[in-house]
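Please have the chain at hand while reading.

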Amino acid sequence: MRKNLLDHTEEELIDIVTGLGEKKFRARQIYGWLAKGAASFDEMSNVPLSLRKALAEDGYYIGQPEVVTEQISKTDGTRKCLYEFRDGARVESVFMKYSYGNSICISSQVGCLMGCTFCASTMDGKLRDLTGGEMLGEVLRMRSLTGEDINHVVIMGMGEPFDNYEEVSRFLRLISDPDGMGLSLRNITVSTCGIIPMIRKFAEDFPQVNLAVSLHAPNGEMRKKTMPVARKYGYEDLLNACREYTEKTHRRITFEYALISGVNDSAEDASELADRLKGWLTHVNLIPLNEVRGREYRKSDGSSVAAFRKVLESKGIAVTVRRTLGSDIDAACGQLRALNRSDK
Ligand code: SAH
C-alpha cells in the first residue's frame, strides 16, 4: 500500500479521500497542494483539520526528501543536493541553469546494478528502486529550495530508469498531469544504458519524451569492456531498436558518448561510429569523461575531443560536446554516488 501521497494520481487520491468518508473535491484540493510543493499537512489550510488528521493516522505522508547537504558550484551556480528519504535511503539531484531554462537531473534508483566501469553510481550496487512519487519529490524539493521554476527534467542521475520502468512511468504521468505540475513531456529526457525491450515499450508508451542512449563505443567488442549490459544486449540489436524507435516516433535519438583517454577516443573510433550512425535521425552528445575517484580512467584531452568531433561532423553526424557543469562539486555525469562516503 502506497502511503506517500506524492505517489498517487488524482483518481487514486479520490479513492483515498472518499474512503475516509470525505467529499471528492477534497482530493483535488490536496492534489493541488502537493503540486504547489506542500511538504506537510499543516500547509493545507483549506483542507479540514479532521481530514488531515485522518490521513496522518492512516499512515499517509508527503514523501519529499530531506536535504542532507547542499553544494553550490562556485564556477557555474549548479547545485547538488544529497537527499534522504524516510527509510534513510539517499540519492542526489542536480539543478542546472541553461540559457533555455532551468533543468534538474534526478535519480531513479538508490545506486545502480548496471556496472558501467567508468561510473560512480554503480560502485555500491543498488540499494533499492525509487517510487514515482519519490522522483516527483526530488523535483518539488529542488523547486522550493531554489525558489525557481523547473523547466526541464532529465532522468540521468543515479540509477537505470529502464531497470525501474513502472515507477519511472508513474513519475512521467504524475509530473505531466495538467492538474499537477503540468510539465510538458517534451521537456523531459530519459537516459538508458540500452535495455532493448524497454526501449520498444517506451516508444509505445511515451513517444513525446526524449530518449538518450548511452553508447560509449563504436562497436560491441569495445562496448562490452566498459558496459556489462552490452553482454546481454548486442550492439547491432541495440542500434536496430534505436532505429525502430526513431521510425516509430519520428523523434531524434541522442547517443551519449563519454570520451575516455586511450579507450574509445581515437579518430578511427570516431570514424567507425559515424559509419554506424549515418543516415538516420540521431545526434551524438560527447561527454569528456568526468573522472571518478577510485576509477583509473582519464578524460580525453581537448585536442582528442576536438578531433573526434571533427570526424563525426565531416561524416555528416550532428554532434555537440556537453558542457560540464558542477564538476567542482562532483555533480557531473557519472559522479553521483549512493553512499556519501567520507573517502569519496
Ligand atoms: N543509467 C542511465 C542514466 C544515468 S547516467 C544511463 O546509463 O544512461 C547519465 C549519463 O552519464 C550516461 O550516459 C552515463 O553513461 C554517463 N556517465 C556515467 N559515468 C560517467 C563519467 N564518469 N563521465 C561522463 N559521463 C558518465
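## Terms and model

A residue is called buried when its relative accessible area is under 20%, exposed when that area is over 50%, and partly exposed in between. The structure is a predicted model.

## Salt bridges

Side chains of opposite charge can pair when their charged atoms come close. The model holds 24 salt bridges. In one of them Glu134 pairs with Arg128, with 3.0 Å between the closest N and O atoms. Arg128 has a relative accessible area of 22% and is therefore partly exposed. Glu134 is buried, because its relative accessibility is 8%.

Helix α6 contributes to two further pairs, described here in turn. Lys201 forms a salt bridge with Asp205, and their closest N and O atoms are 3.1 Å apart. These two residues lie four apart in helix α6, so about one helical turn separates them. Lys201 is partly exposed at 34% relative accessibility, and Asp205, with a relative accessible area of 34%, is partly exposed too. The side chains of Glu204 and Lys248 also meet in a salt bridge, at 3.1 Å from N to O. This pair links distant parts of the chain, since Glu204 sits in helix α6 and Lys248 in helix α9, 44 residues apart. Glu204 is exposed, with a relative accessible area of 54%, whereas Lys248 is partly exposed at 47%.

## The buried side of α6

Helix α6 runs over residues 196-205, and its residues Ile196, Ile199, Phe202 and Ala203 are buried.

The buried residues are Tyr165, Glu167, Val168, Ser169, Arg170, Phe171, Leu172, Leu174, Ile175 and Ser176. They pack against α1 (10-19), α2 (25-36), α4 (132-146), β7 (152-155), β8 and α6. The length of α5 agrees with expectation: at 1.5 Å a residue its twelve residues should span 16 Å, and its end C-alpha atoms are 17 Å apart.

The largest nonpolar core has 95 residues. Which of them touch the most other members? These are Ile30, Val153, Phe171, Leu172, Phe202 and Phe255. Leaving aside neighbours within four places in sequence, Leu172 is in contact with Ile155, Leu185, Ile188, Phe202, Phe206 and Val209. Phe202, which Leu172 contacts, is one of the buried residues of α6.

## Cysteines

How many disulfides does the structure hold? The number is zero. Cys119 is in no disulfide, and the nearest cysteine sulfur, that of Cys116, is 6.2 Å away. A disulfide would need the two sulfur atoms within 2.5 Å. Cys119 counts as buried at 17% relative accessibility, and Cys105 counts as buried at 10%.

## Two buried asparagines

Asn164 is located in the loop between β7 and α5. Its relative accessibility is 6%, so Asn164 counts as buried. Apart from neighbours within four places in sequence, Asn164 is in contact with Ser108, Gln109, Asp129, Leu130 and Met135.

Asn285 belongs to strand β11, residues 282-288. At 9% relative accessibility, Asn285 is buried. Again leaving aside neighbours within four places in sequence, the contacts of Asn285 are Thr254, Phe255, Glu256, Tyr257, Thr320, Val321 and Arg322. Among them, Tyr257 is 28 residues from Asn285 in sequence, while their C-alpha atoms are 6.1 Å apart in space. Another of these contacts, Phe255, is listed with the residues that touch the most other members of the largest nonpolar core.

Technical notes. Residues are numbered from 1 along each chain as its sequence is written. This is a predicted model: local features need pLDDT of at least 70, side-chain atom pairs count only at pLDDT 80 or more; totals for chains, interfaces and linings use all residues. Side-chain values use heavy atoms; hydrogens and water are left out. Buried means under 20% relative accessible area, exposed over 50%, partly exposed in between (1.4 Å probe, protein chains only). The expected span of a helix is 1.5 Å times one less than its number of residues. Contact means heavy atoms within 4.5 Å. A nonpolar core is a set of buried Ala, Val, Leu, Ile, Met, Phe, Trp, Tyr and Cys residues joined through side-chain atoms within 4.5 Å. A salt bridge is a side-chain nitrogen of Lys or Arg within 4 Å of a carboxyl oxygen of Asp or Glu.
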